[in-house]
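Let us walk through this structure together. Keep the sequence at hand as you read.

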Amino acid sequence: MELGLVGLGKMGGNMRERIRRAGHTVVGYAHQRDVSDVHSLKELVDSLAAPRVVWLMVPAGEATQSTVDELGELLEPGDVVVDGGNSRWTDDEKHARELASKGIGFVDCGVSGGVWGLENGYALMYGGDAEHVARVQPIFDALKPEGEFGAVHAGKVGAGHFAKMVHNGIEYAMMQAFAEGWELLETVDSVTDVREVFRSWQEGTVIRSWLLDLSVRALDDDEHLEQLRGYAADSGEGRWTVEAAIDNAVPLPAITASLFARFGSRQDDSPQMKMIAALRNQFGGHAVESK
């Protein structure tokens, strides 16, 4: 089939290549002219035969909203828009309503796989009406990993990005657990080869996983991670996961703690610990350190 793909960054560019390898036609558009197949959204839409499918891989928020708005004016009834970025599920519901008023279908798709997806395939979680999902199914089949699993029609519009959001929240907690275990192993004198301890866990243990494999790769590159600064950003989906948990009264202590740990990583001198030090000095006369 034919597909219009908007956004050709690290994910989008590799997705275009994987879809083409499966025998489909992909017309890609990005602001970077050196990687773009066309020079405007209008040219992209005009190059596709109706009914069209246009897949977005652009940043969540304003960039996605403006692209949906422009496509709403360019596409025709019967066409379908797929948002494969990391949009919030509530934005999906809004975009679906806006496009439905013009007769245009909408599917949201959470995509996981990162830079490895080109060769290994992408895990896909999508939401939307069955008729719209069916229109995109050949592309889902091209992108997913080989085998029975790796893709799911998670439910109605918003379900795909909600599922991907929860996936990322779980990822936060798993990474935090590996990080805490690694730090403890590095700290004690009795363990003399932490990297090989991690490597030994890759076979036969209940915590063997791709994240563990990537941990070993990172330690092979920099055994004690001495070249890195202890700073971790967050993409927003961890925050949305915690917010959704609050809205639904679901306890998520591990995921919440892992998100707050990232916030702590960005502080060179913790304001909270200043207050704790001051209080310990006030009530117990405990020593404090001055700058």
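**Charged pairs and a nonpolar patch**

D79 is buried, with a relative accessible area of 1%. The model is a predicted one. D79 has a charged partner: its side chain meets that of R52 in a salt bridge, at 2.9 Å from N to O. This pair ties together distant parts of the chain, 27 residues apart. D79 sits in the loop between α3 (62–74) and β4 (80–83), and R52 in the loop between α2 (41–47) and β3 (53–56). R52 counts as buried too, because its relative accessibility is 10% and the cut-off for buried is under 20%.

Side chains of opposite charge can pair when their charged atoms come close. The structure holds 20 salt bridges.

Now look at helix α4 (residues 89–100). K94 and E98 both lie there, four residues apart, which is about one turn of the helix. Their side chains form a salt bridge at 2.7 Å, N to O. K94 is partly exposed at 31% relative accessible area, and E98 is partly exposed at 25%.

Next, find D220 and R195. Their closest N and O atoms are 3.9 Å apart in a salt bridge. D220 belongs to helix α9 (residues 210–221) and R195 to helix α8 (residues 194–200), so the pair links distant parts of the chain. D220 is partly exposed, at 38%. Both residues join E196, R199 and E223 in a network of salt bridges.

Finally, turn to the surface. V115, W116 and W210 form a nonpolar patch there, with about 320 Å² of accessible area together. W116 lies in the loop between β5 (105–112) and α5 (117–120). W116 is partly exposed, at 33% relative accessible area.

Conventions:
Residues numbered from 1 in each chain as written. Predicted model: local features only at pLDDT ≥ 70, side-chain atom pairs only at ≥ 80, totals over all residues. Heavy atoms only, no water. Patch = residues over 30% accessible without salt bridge, like charges linked within 9 Å, V, L, I, M, F, W, Y side chains within 5 Å. Areas by Shrake-Rupley, 256 points an atom, 1.4 Å probe, with all protein chains shown as cover. Salt bridge = Lys/Arg side-chain N within 4 Å of Asp/Glu carboxyl O. Helix = DSSP H or I, 4+ residues; strand = E, 2+ residues; numbered from the N terminus. Buried < 20%, exposed > 50% of the residue type's maximum accessible area, 1.4 Å probe, protein only.
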